[in-house]
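Subject: Structure handover

Hello,

Here is the structure I promised to pass on. Please open it first, then read my notes below.

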Amino acid sequence: YPSILHELEQLVQDEERQRTLIEKAVLQLKDKGYNIVVQSSTIIEQFDEIEELQRYSNRIDLLQLQIQSDILPFDPVLADTFVGRANDLITTPSEEIETLEKNVTTISTHLQTRLNEMNAMLRQWQSEGYTYEDRTRILAEELLEWEHLLPEIEQQYHRHVGASERWNEIKKSWNHQDTTIDRIVGKIEHTDSFVDKIDALEQQWTEKELQGASLIERWEQFGFEMDVWRYKMTHDPRQGLEELNLHLPLYKRANELLETMLHLD
């Protein structure tokens, strides 16, 4: 009889502990906003109900954590939207959580992929010698802004590449140096200024070519052989024009002598 009483007391104490655990679990879930109505009459079934709801609560917690870590840095407005949808699933647990989990995972993966692609593009530009505002990588919170600016930046990049190729040809052909250009070459944000400077140099080249061609044509009409000067003008009109101008007094003197000879009786 004493053993039976002892065992009964143990059973009562175990039941009290179990009910205490259930009550604590219910309070914790209610603090999180869950509406709990335990419908089962047996403790084991009540434990099953609570355990199932706790698993659901853990899924909500993980979902909210994923929203905070994977979406909030990119887009706070979108993150708030998803948090609101998750909170709606707390008061009324639903199978919709699975759909929301998939949406959050898909969007977070897509955002991260876009960020990786953007940074890969910046690294590629850097390897080619080009930078935009000295940035080698962008952060998650900058992605949307950079994507908004990207079409214009890419356009500037292509213009800058073309101007850089022209600048390298000018330096090689003219043996020309310009520190004001060297300071901005490769810096995409200075593309407009860079292109203007290259256009101005090429305009000078064209003007020198036209001036040289005009002089060559003039002296050819006087009967002088000008093929050497035409060759020089083609390869470096600026240097060629300078040299031709230095030789003009000789051509003028030679032309005067020819005129004198023609007038001899």
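Start with a charge and a ring. The charged end of Lys 232 sits over the ring of Trp 229, 4.8 Å from the ring centre. The rule for this is that NZ of Lys or CZ of Arg is within 6 Å of the ring centre and within 35 degrees of the ring normal.

A word on the source. This is a predicted model, numbered from 1 along each chain as its sequence is written. Local features need pLDDT of at least 70, side-chain atom pairs count only at pLDDT 80 or more, and totals for chains, interfaces and linings use all residues, while side-chain values use heavy atoms, with hydrogens and water left out.

**The overall picture**

The protein chain has nine helices and zero strands. Both are DSSP runs numbered from the N terminus: helices are H or I with at least four residues, strands are E with at least two. Of the 265 residues in the protein chain, 31% are buried. Buried means under 20% relative accessible area, exposed means over 50%, and partly exposed lies in between (1.4 Å probe, protein chains only). The accessible surface of the protein chain is about 17,400 Å², and carbon and sulfur atoms hold 52% of this surface. The areas come from the Shrake-Rupley method with a 1.4 Å probe; for residues, only the protein chains shown count as cover.

Now the contacts, meaning heavy atoms within 4.5 Å. Take those in the protein chain between residues at least 6 apart in sequence: 64% of them join residues at least 24 apart.

**Salt bridges**

Side chains of opposite charge can pair when their charged atoms come close. A salt bridge here is a side-chain nitrogen of Lys or Arg within 4 Å of a carboxyl oxygen of Asp or Glu. The whole structure has twelve salt bridges.

One of them joins Arg 59 and Glu 101, at 2.8 Å from N to O. Arg 59 is in helix α2 (residues 43-71) and Glu 101 in helix α4 (residues 96-128), so this pair links distant parts of the chain, 42 residues apart. Arg 59 is partly exposed, at 32% relative accessible area.

Another joins Arg 166 and Glu 202, with the closest N and O atoms 2.8 Å apart. Here too, distant parts of the chain are linked: Arg 166 is in helix α5 (residues 143-174), Glu 202 is in helix α7 (residues 191-221), and they are 36 residues apart. Arg 166 is partly exposed at 22%. Glu 202 is partly exposed at 28%.

Then look at Glu 142 and Arg 135, whose closest N and O atoms are 2.7 Å apart in a salt bridge. Is Glu 142 buried or exposed? Glu 142 counts as buried, at 18% relative accessibility. Arg 135 is partly exposed, at 25%.

**Nonpolar cores**

A nonpolar core is a set of buried Ala, Val, Leu, Ile, Met, Phe, Trp, Tyr and Cys residues joined through side-chain atoms within 4.5 Å. The largest has 18 residues, and Met 118, Trp 125, Ile 138, Leu 143 and Trp 146 touch the most other members. Two or more residues come from each of α4 and α5. Beyond four places in sequence, Met 118 touches Ile 138, Leu 143, Trp 146, Glu 147 and Leu 150. A second, separate core has 14 residues, including Ile 60, Ile 67, Val 83 and Val 104.

Ser 164 lies in helix α5 and is buried, at 5%. Beyond four places in sequence, Ser 164 is in contact with Tyr 130, Val 185 and Phe 194.

**Aromatic pairs**

Rings of Phe, Tyr and Trp (its six-membered ring) pair if their centres lie within 6.5 Å; planes under 30 degrees apart count as stacked, over 60 as edge-to-face and the rest as tilted. The count is seven aromatic pairs.

In one, the rings of Tyr 132 and Trp 146 have centres 5.7 Å apart and planes at 80°, so the pair is edge-to-face. Tyr 132 is buried at 13%, and Trp 146 is buried at 6%. Trp 219 and Phe 224 also pair edge-to-face, at 5.7 Å centre to centre and 75° between the planes. Trp 219, Phe 222, Phe 224 and Tyr 251 form one aromatic cluster.

Best wishes
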